[in-house]
Amino acid sequence: MSSIVDRLLGLENVQIGEGADWGIRWAALPEYWVLFLVIVPAVVLGTVFVYRRESRSVPDGLRALLTGLRIALLALLLAILFQPVLFVETAVTKETAVLMLIDDSLSMTFKDRLIDKDQREKLARIIGMKVGPGGLQELQQQALDELSRIDLVNRALTNADLGTIDEIKRRHHALRAFSFSSGISPEPALGKMEAKGQTTALGDAVLEVMNETKGQIVVALIVLSDGRSNSGLEPANVARVLAERDLSVPIFTIGVGNPSEPKDVDLSRLEAPEVALASPDGREGDFVNFTFALKSQGFEGEKLPVFLKTREGSEEPLVVAEDSISITAKSQEQTVTLRFKPRKPGEFVCTVEVPVQDGELIRENNLLTHRLVVAPATIRVLYIEGYPRWEYRYLKNAMLRDHSVEVQCLLQSSDQDFPQEASRGLAPLTEFPVERHDLFKYDVILMGDIDPNGDFMPGSKTEKLFENIVAFVEEIGGGFAMIAGTRSAPRAFRNTALARLLPVVLEDSETESQEIGGTRTQSFHPKLTPAGREHPVMRLDPDPAANAELWEDPADRREGLPPIFWFYPVRRAKPGATVLAVHPTATTPDGNRVLIAAQPYGRGRTLFLGTDEAWRFRLIRGDRYFYTFYGEVLRYLRGGRLLGSKRYEIRTDKASYAVADRVQILARAYDADYTAITEPVYPIVLDAPSGQKVDLELKAVPNKPGAYEGAYKPLETGAFKLWIGPEGLGGEKERAFAAFNVAVPMREFEDPTLDRATLEALARQTDGAFLPLHELDKLPAALKSRGDTISVLTKEDDLWDSPLAFLLILLVITVEWVLRKMARLI
C-alpha cells in the first residue's frame, strides 16, 4: 500500500520510516501578509462574485457547492505554484575512527642501538620481550640490536600483552591502518610489514589519508615513523594545509629510531680500469689502482682498516691489498688508493671494503664492487702490408721483438713461396684469413697500404673478408687500424665495407688526385688536439707538458720528435670520432687536416693514421718513442676486445642501482663458428648476494642477430653477478659476466637518525602529542576518548509535480463540469 502512495506522491529520494520526523515546506511561498491579505481574499471573493452572477434558477446549495469546488481548484493551482516539498529527518549514529600511518620506507630497515639502559628495557617490553629483575640478558640485548625499525614496529603493534590496537578499538570503535613511503597503501599486514619504499613523503601521506577518509569522523591520526621526510609537502606545512581544507585532526607521532648521531663509514666514487694485463710469471702486466672516497662520522682520531679483495667465479675472496686510514675530522671526505698487480688472466669481481665497525647504523655503504677483466699480457696481431715500406720494416721488427705481442704478417708484394714473418711459435701465413673463426682469434688487425685486388687477396671473397673484418670490430670488440700510404690506402677502400670502420671522411677522387702525396720537401710537426693531449695513444711522456713538446716542438729547438714530411689529406673526422692530432697549417672548410683519429665502432675500436712516417721517430731518439707509440696503439685497439669474452658479452646499463630499480640487461651470443645465435630467448644466470642462483631469460632483439635484452628488479642490497655462456668443462673460458651493486637509495641514506624535532612540531601544531616508540603504551590514554556521534540526516522530495496533484486537479475540474452541466450552466 505504501509503495502505491509513494508512486502517487512521486517520492523517489525519501521514505518515511519508523522513528523518522517528517514535514512539508514550501519552496516558493510568498510572504504571509501577501498570502492572507491579498491572494486568499482575492480567490474567495472573486469566486463568490462570479457565481453570484450565475442564473437565479440555480439552487443556493448547488451554487455554494460550485463556489467551493472553484475555490478548491484555485487553491490546488496555487499550492502547485508555491512548490511543496516533503522532508524527512532521521537521526543517524556515526562511529568515531582513529587512523594510523606506518612508515615503510627503506630508512625503516636501519638497526638502531639505544644507549640508555632504561629506554632499552622499556623498548624490549613494548615489543614483547620478557625483562627480568636484573634487566636484559646479553642474548636479549644482541637480539634487540639485530631488529630493524620496521621489525620493532611489527612486534610492538602485535604485542598481545601491550594490547595497543585492541585498546584503541575499544575506545573508538574503528581503527584504519595505512602504510606509506612515496604514497599510501591501505590495510597493511600488521606484524608482517616490510620496508621497501625508496622515498618518504610524510606530508603528502597525511593529506592523502585524510582525503581518503573524508566523511568519517576521525578523532586522531597516529603516525609511526623516523620523521625523515625527503619528498613532497614539508611536514611543517601540514597543519596549515589541513586547516585550509577543513581536514584538521590531532596527530600523534610515534618516533621510531635513535635521535643520537650514529657512527657510519661511507665509501663512494670508485674509479678503476675495466681492463688490465697480467702474465703468470708476474714480469709483464699492469699495476691496477682502485681510487675511492671515504667519509665517516663517529670515528674521529681512529684508524679504519681498508681491504681490496678479488674473487674469480665461485672462489673465496682473496685480499690483494690493504691499508689503515687515519680519520682526521668528522664527515671529511678522504681519497684513498689501493693498488695490486694481477698475477693471472681472468674475470674478477673486486671489492673495496671497510669491515662493519661496532656501533655502525648503516652497513650497506661499507663496500664497493667493480668488475675487472685481466687479460693475458700477449696481444695477438694480424698485420697486412702492401709492400716493404719503411713503416712496415720497423713496425714489423718492433712487434717481433716484443714478448707481449704475437704477430703474424702478410706482405702482399712478396713471392708466393716467400716465408711470411711471424712471432716465434706461430705458423707463417700462406693466405689471407677470410673465415670468421680464423679472423676472430686475433685481437688487433693492422692494415697498411694494400691493394684490395692484389696478390694474396681472396678474389671473389674479398668483400666477404671486409664484411668479416667489420663484424670482427663491431660484434667481437676487435681493434682495427689503417696506416695510410701513397698507393692504395685508404682511397682504394672508399666504396668497400671497410670505409665504415674509418673514423674519417675521405675527399672525393678529383681533389685527392690533386693533393695526394703532398710534398716530401716541407716538414711539419703534428699538432695535438685537447683530446689528443689526454689520449693514451699520444702519451709518449707521462708529463703532459713534456709530451706536448715532444710532438709539436713549438720552439723548433729540435728537442721534440723528428718532423714528418708526408700525410694523406682527408676531408674531416666523422661524427663521434676523436681527433688526436692535426696538421699545423693545412686546412679545409672544417678546420685543420686530420692526421690521427680514433673512434668506437660497435664493441670495438678503430684508428686512422694519416701518415706512414712514424718510423722517423727513431732518428736520433732510437726505438724508444716509435715503440711506445705503436705499443699504445695496440693496447688501445685491444681494449674493446678485453671487455667481453670471445663468444659472449653481457652488460648492464649502469654499475650501481637502488633497491627495486630496473636493471636493463644487454647481451650478445655466438656459436662456435662465431655465427650469431638466433634463438628467440637465451638463458642467463644471476648470482644474488644471498647466495641464491636465479635463472633468467633474455629475449632476442628484433633485426639484430645475436643480440638479447631483458630486465631484472633487485629486492636486496649487495653485489650481484650475471653470467652468460655454458657452464662446465670447456665452457668456463667462454663465459662472460657482468657485476653490479645494489644499495639503499641515497635519499634514505642521507641522514638515518630519528628526526624528533619534525615529529614533535607536527604533533604540537595539530594539538596532538609525540611519543617515542618505547613509550607506546601511553598512546591509548593520550587519545581523547569520544563516544558515538549522533547526526541528523535530512532527505527531501518535491510534491508539487507529483501524479496525485494532477489527479486532484483533474477530479475537481471534472466534478465542477458535471455539476454545471446538470444545472444547465454550460
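Me: How many cavities of 30 Å³ or more does the structure hold?
Reply: This is a predicted model, where local features need pLDDT of at least 70, side-chain atom pairs count only at pLDDT 80 or more, and totals for chains, interfaces and linings use all residues. Residues are numbered from 1 along each chain as its sequence is written, and side-chain values use heavy atoms, with hydrogens and water left out. A cavity here is a set of points on a 1 Å grid over the protein atoms alone where a 1.4 Å probe fits but cannot get out; its volume is the space filled by probe spheres set on the points, joined across faces, edges and corners. With the 30 Å³ cut-off, the count is two.

Me: Which class does Thr 611 stand for in the lining of the largest cavity, and what is the volume?
Reply: Lining residues have an atom within 4 Å of a point, and among them are Trp 551, Phe 617 and Thr 611. Ala, Val, Leu, Ile, Met, Phe, Trp, Tyr, Cys and Pro count as nonpolar, Asp, Glu, Lys and Arg as charged, and the others, Gly among them, as polar. That gives nine nonpolar, one polar and no charged residues, so Thr 611 is polar, and the volume is about 60 Å³.

Me: Which strand gives the largest share of the lining of the second largest cavity?
Reply: That cavity, of about 30 Å³, has a lining of eight nonpolar residues. Strands (DSSP runs of E, at least two residues) and helices (H or I, at least four) are numbered from the N terminus; S25, H16 and S19 each supply at least two lining residues. The largest share, three residues, comes from S19.

Technical notes: 1 Å grid on protein atoms, 1.4 Å probe; cavity = no way out; pocket = protein on both sides within 12 Å on 5 of 7 lines; lining within 4 Å.
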